[in-house]
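Thanks for coming. I will take this one piece by piece, so please have the structure open.

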Amino acid sequence: MMIHIYAGADSLSDARLHCGHNIMKARIGQNGLSEHKREGDLCTPTGIYPLRRVFYRADRIARPVTTLPLVPLAPTDGWCDDPASPDYNRLVTLPHPARHERLWRDDHVYDLIVVIGYNDEPARSGAGSAIFMHLQRADLAPTEGCVALTEKDLRTVLAARAQAITIHPRGVQA
């Protein structure tokens with residue numbers, strides 16, 4: 001199943017995710033959508049991407065229902081976001097010498113993560129990294145480029161057997 005993201009009308013970071021007949025409120029990058037994503041630009045990249053795998057905090061939440069590869073997170077899991085590293089835009093084991101993001105977080109944003117296959121085959125240095133679907137913050141803050149949903153909605157997407165996502169440019173309507 002293909003899911004779709006469309007820009008919302010209220011702000012750059014509001015969006016709607018269409019999954020079958022379900023329409024869900026989503027949060028995207030603080031600076032909206034971009035057809036030319038760059039590392040650190042706070043934009044969500046437009047395009048069609050596979051969903052690669054799911055990580056979850058088995059110590060906090062129940063195992064999600066999904067057809068995607070499913071991996072429990074570990075405290076040593078990280079994601080390299082250093083364009084100068086050969087590990088750029090890849091899962092790494094911590095500690096790691098290059099700049100990275102910890103996936104095992106104190107907040108709940110990464111309790112459930114779907115890796116979006118953006119800039120990963122092969123990774124182009126500086127074109128953006130760590131583009132995920134993950135859980136929304138309680139204050140509904142924008143993301144740094146990811147797609148954020150409520151836990152209920154993200155579980156619905158996974159249970160619907162979603163395999164890919166189309167992130168449509170601003171101006172494209174459902």
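This is a predicted model: local features need pLDDT of at least 70, side-chain atom pairs count only at pLDDT 80 or more; totals for chains, interfaces and linings use all residues.

Which residue is the bridge partner of W79 in β9? The partner is L91. Residues are numbered from 1 along each chain as its sequence is written, and side-chain values use heavy atoms, with hydrogens and water left out.

Back to that bridge. Strand β8, residues 77-80, is joined to β9 by three bridges, and the two run antiparallel. Strands here are DSSP E runs of at least two residues, helices are H or I runs of at least four, and both are numbered from the N terminus. Two strands pair if DSSP finds at least two bridges between them. The open sheet has three strands in the order β9-β8-β10, paired antiparallel. Its edge strands, each pairing on one side only, are β9 (91-93) and β10 (100-102). On average, neighbouring strands of this sheet are turned by 40 degrees against each other, direction ignored; the axes are lines fitted to C-alpha atoms, for helices over the stretch in contact, and angles run from 0 to 180 degrees between N-to-C directions.

Next, the hairpin. Strands β2 (residues 14-19) and β3 (residues 22-27) pair in the antiparallel sense over six bridges. D14 has R27 in β3 as its bridge partner. Two residues separate β2 and β3, and G20 in the turn has a positive phi of about 60 degrees.

H18 is found in strand β2. H18 is buried, with a relative accessible area of 14%; buried means under 20%, exposed over 50%, and partly exposed in between, with a 1.4 Å probe and protein chains only.

Now the core. A nonpolar core is a set of buried Ala, Val, Leu, Ile, Met, Phe, Trp, Tyr and Cys residues joined through side-chain atoms within 4.5 Å. The largest has 32 residues, of which L17 and M133 touch the most other members. Strand β6 (residues 47-56) gives the most to this core, with four residues. Apart from it lies another core of eleven residues, including F55 and F132.

Last, helix α1, residues 151-159. Its residues D153, L154, V157 and L158 are buried. They cover an arc of only 140 degrees around the axis, so they lie on the same side of α1; the arc is that of the directions from the helix axis to the C-beta atoms. Just after α1, R161 takes a positive phi of about 70 degrees.
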